[in-house]
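Before reading on, please take a moment to look over the sequence and the structure below.

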Amino acid sequence: MKYLEMKHVKKQFDSLEVLKDISLSVEEGEVTAIIGPSGSGKSTLLRCATMLEEMDDGELYYLGEQAAKSENGRAVYQKPAVLKKMRQYYGLVFQNFNLFPHYSVLKNIIDAPIHVQRRKKDEVGEQAMKLLDQMGLSDKADAYPYQLSGGQQQRVSIARALAMNPKILFFDEPTSALDPELTGEILKVIQELAAMHMTMVIVTHEMEFARKVANHIIFMENGIILEEGTPDEVFSSQNARILSFLGKFK
Ligand code: ADP
Ligand code: MG
C-alpha cells in the first residue's frame, strides 16, 4: 500500500521555482532517503508533504486518501477537519529538535497524544516510558531539554513523534545540528526503527547511512528529482552531477 503519494507538485516562493513537478510515492514499510545539494528543495518538499507549506499545484495522498487535488492548475486541499485527521498519519522530526523548553521530557512526549488525540493520560504515560526506554532515556523523564545533550534532545523528539503512533515518520536532516560524536546515536535509533519496518522519509547528508538504511533513494537537484532508485542504482549512477555530489562525501 502507498502510504504517501505526491503527484506533479509545484511550489514557488515569489519568482523562485523551488519544486518543479515532483512526483513520488512511499510504500508501507519502506525507508526513503532524500539526498542532494543544499538549496535543491528537499526541506520544501518535506514541508509540502507534511502540510506545513501549501503546494501551489499538485496532488497529495496519505494511505490512498486524498489530502489535496489539482484543479485548474492549483492545489485544492480538503476541509480542515479532514486534514486534521490525516495529520495523525505522520510525525516530523526536525533538525533543531523543536522541544518545548519549559516542559519536562515526559510532558513533551505526552502533551499532544493527550490534548490532540484525546487519549487517556495513563495509557499515554505508559507508552511514553516505553519509548524513553527504547531511546535509552529512561532516567530522563523529569529532566528539561536544556539539561540534555543535543543527541538526547533529538532522541526525545523522536520519542515524541512516535508517541502519536504515526504511519510515517519524516526526518529533515536529523543529525545536522549535532556534534559528529552524537550523530551515530541518532542514526542507530533510526536504523532500529527501520528494522521494525517503520515507514520513514529521511532527508540526510549522511551518505553511508542512506546507502545502508534506505530501500529507496531520491536525488534532488534544483527542484527536480534528477534520479531515484535503489541505493545501488543511485550510488553507481554515472550522472555527472550525482558523481560530483557523491564525490564530496568520499
Ligand atoms: P534544501 O532543504 O534542499 O537545502 P530548501 O527547500 O530549504 O532546500 O530551499 C530551496 C530553495 O527555496 C532555496 O533557494 C531557499 O532559499 C528557498 N526557500 C525555502 N523556503 C523559503 C521561504 N519560506 N521563502 C523564500 N524562499 C524559500
Ligand atoms: Mg533543508
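## The shell around ligand 1

In what follows, Ala, Val, Leu, Ile, Met, Phe, Trp, Tyr, Cys and Pro count as nonpolar, Asp, Glu, Lys and Arg count as charged, and the others, Gly among them, count as polar. With these classes in mind, the residues of the shell around ligand 1 in this predicted model can be sorted into three nonpolar, six polar and one charged.

The residues that surround ligand 1 are Phe13, Leu16, Val18, Ser38, Gly39, Ser40, Gly41, Lys42, Ser43 and Thr44. Two elements, the strand β2 (16–27) and the helix α1 (42–49), each supply at least two residues of this shell, and the helix α1 gives the most, with three residues.

In general, the strands of a sheet pair through backbone hydrogen bonds, and they do so either parallel or antiparallel. In this model, five strands form an open sheet in the order β2-β1-β4-β5-β6, and their pairing is antiparallel. Because β2 and β6 (74–77) stand at the edges and each has a single partner strand, one side of each is left without a neighbour in the sheet. On average, and with direction ignored, neighbouring strands of this sheet are turned by 20° against each other.

The partner of β2 is β1 (residues 2–13), and these antiparallel strands are joined by nine bridges. Within this pairing, Gln12 stands opposite Glu17, a residue of β2.

## The six-stranded sheet

Another open sheet is formed by six strands in the order β7-β8-β9-β3-β10-β11, and here the pairing is mixed. Its edge strands are β7 (90–93) and β11 (224–229), each of which pairs on one side only. From one strand to the next, the twist averages 15°.

Which way does β10 (residues 216–221) run relative to β11, parallel or antiparallel? The two strands run antiparallel and are joined by five bridges, and Met220 stands opposite Ile225, which belongs to β11.

## Helices lying across strands

Key
Residues numbered from 1 in each chain as written. Chains lettered and ligands numbered in written order. Predicted model: local features only at pLDDT ≥ 70, side-chain atom pairs only at ≥ 80, totals over all residues. Near = placed C-beta within 6 Å. Helix = DSSP H or I, 4+ residues; strand = E, 2+ residues; numbered from the N terminus. Pairing = 2+ DSSP bridges. Axes fitted to C-alpha atoms, helices over the stretch in contact; angles between N-to-C directions.
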